[in-house]
Amino acid sequence: MSAEDRPAVEGPLLSVVVPVFNEAASVEILIERLRAVLEPLPLDWRVLFVDDGSTDGTAAALEGLRAADPRLGWLRLSRNFGKEVAMTAGLDRAEGDAVIIIDADLQDPPELIPQLIERWRDGYDVVYAQRTARAGERWLKRATAAAFYRLINRVSDTPIPPDTGDYRLLSRRAVDALGGLRERHRFMKGLYAWVGFRQVAVPYRREPRHAGKSKFGYWRLWNFAVDGITSFTSAPLKFATYLGLAAAVTALSYGVVVIAKTLMFGDPVRGYPSMMAVILFLGGVQLIALGIIGEYLGRLFDEAKQRPLYLVDDYRAPAGTETAPRESTPAR
């Protein structure tokens with residue numbers, strides 16, 4: 001929404017977007033901590049929860065919270081679209097001069113918000129919280145996360161800060177810029193970096209989850225990593241090209257050696273084992289290349305369908321912001 005359409009408030013208006021999926025055990029504690037942090041600040045604030053198709057008591061908990069405090073609102077999606085889309089839905093409706101994104105699991109401390117706001121007041125458009133420690137996470141998850149950030153920053157033209165999640169503050173112009181990016185395979189950490197503007201890190205220590213289990217298992221994290229790499233670099237396609245070229249050169253060289261040995265020394269051509277090894281090697285290279293091409297082709301297929309990113313089931317806006325739900329924004 002443009003600046004002209006936003007409601008007039010006393011002082012800056014800050015919106016906090018909270019994507020939730022089966023977080024009934026955490027939302028009330030999160031709101032208590034958010035209030036304790038936001039009330040003393042010299043600004044107006046609103047909180048918008050985005051219920052990404054929860055199947056527990058999250059919806060009822062959010063309705064109760066809004067009944068007690070109209071500054072809280074909620075947006076319920078028609079089904080589970082994934083966290084990246086849920087954050088997008090929240091940003092589409094977040095009002096104010098700045099927007100903060102925070103998870104509901106309390107791993108990201110709300111007490112860091114004043115520092116984020118301070119850096120925003122210094123003129124930064126994107127203030128991201130950067131982890132110095134990841135308490136409650138296994139060493140394998142920490143190691144794979146570090147390897148992923150190292151890989152994607154090596155192959156991508158868009159530098160993505162390492163050890164950084166979705167906990168951050170975005171200025172209004174950064175939010176508006178993100179609103180124009182409607183791709184379906186959304187890697188938000190990359191999109192935050194892609195929009196540019198002035199960005200700065202605020203270090204913090206990440207805490208263990210307050211309740212429940214992480215919704216991101218290793219399989220989902222693997223697919224998330226694939227989405228990130230294929231969304232921000234064509235390096236896998238180049239790798240497939242170089243791998244095929246290397247296989248072709250190797251096969252040609254081996255063929256020349258075999259023919260030369262046969263003509264010069266009368267050595268018989270090796271039989272079944274060597275032939276099968278070559279066939280399996282070349283077949284594996286071809287399948288790898290086809291798989292990489294298929295990943296990119298599948299993304300083109302999804303983009304070509306031009307479906308909306310999400311559908312809204314119900315919406316209760318925070319007090320003082322828009323009262324009618326906007327339609328889901330189709331891809332542009």
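Biologist: Which residues is Ser15 in contact with, leaving aside its neighbours within four places in sequence?

Modeller: In this predicted model, Ser15 is in contact with Arg46, Ala94, Glu95, Gly96, Ala98, Val99 and Ile100, once its neighbours within four places in sequence are left aside.

Biologist: And where is the place of Ser15, in which strand? Buried or exposed?

Modeller: Ser15 belongs to strand β1, which covers residues 13-20, and Ser15 is buried, because its relative accessible area of 5% falls under the 20% cut-off.

Biologist: How many cavities of 30 Å³ or more does the structure hold, and what lies nearest the centre of the largest cavity?

Modeller: The structure holds one cavity of 30 Å³ or more, and the volume of the largest cavity is about 60 Å³. Eleven residues line the largest cavity, and Ser15, Arg93, Ala94, Glu95 and Pro318 are those nearest its centre.

Biologist: Which strand gives the most to that lining, and how do the lining residues divide?

Modeller: Strand β2 gives the most, with three residues, while β1 and β2 (44-51) each supply at least two; by type, the lining of the largest cavity divides into six nonpolar, two polar and three charged residues.

Biologist: Switching to helices, how many residues of α3 are buried?

Modeller: Ten of the eleven residues of α3 (residues 83-93) are buried, so this helix is largely enclosed by the rest of the structure; among them are Glu84, Met87, Asp92 and Arg93.

Biologist: What about α1 and α2, at what angle do their axes cross?

Modeller: The axes of α1 (residues 27-38) and α2 (residues 58-68) come within 10 Å and cross at roughly 30 degrees, and the two helices are therefore roughly parallel to each other. The residues of their contact divide into five nonpolar, no polar and one charged.

How values were computed:
Residues numbered from 1 in each chain as written. Predicted model: local features only at pLDDT ≥ 70, side-chain atom pairs only at ≥ 80, totals over all residues. Heavy atoms only, no water. Axes fitted to C-alpha atoms, helices over the stretch in contact; angles between N-to-C directions. Helix = DSSP H or I, 4+ residues; strand = E, 2+ residues; numbered from the N terminus. Parallel < 35°, antiparallel > 145°, perpendicular 65-115°, else oblique. Nonpolar A, V, L, I, M, F, W, Y, C, P; charged D, E, K, R; others polar. Buried < 20%, exposed > 50% of the residue type's maximum accessible area, 1.4 Å probe, protein only. Contact = heavy atoms within 4.5 Å. 1 Å grid on protein atoms, 1.4 Å probe; cavity = no way out; pocket = protein on both sides within 12 Å on 5 of 7 lines; lining within 4 Å. Points joined across faces, edges and corners; volume = space filled by probe spheres on them.
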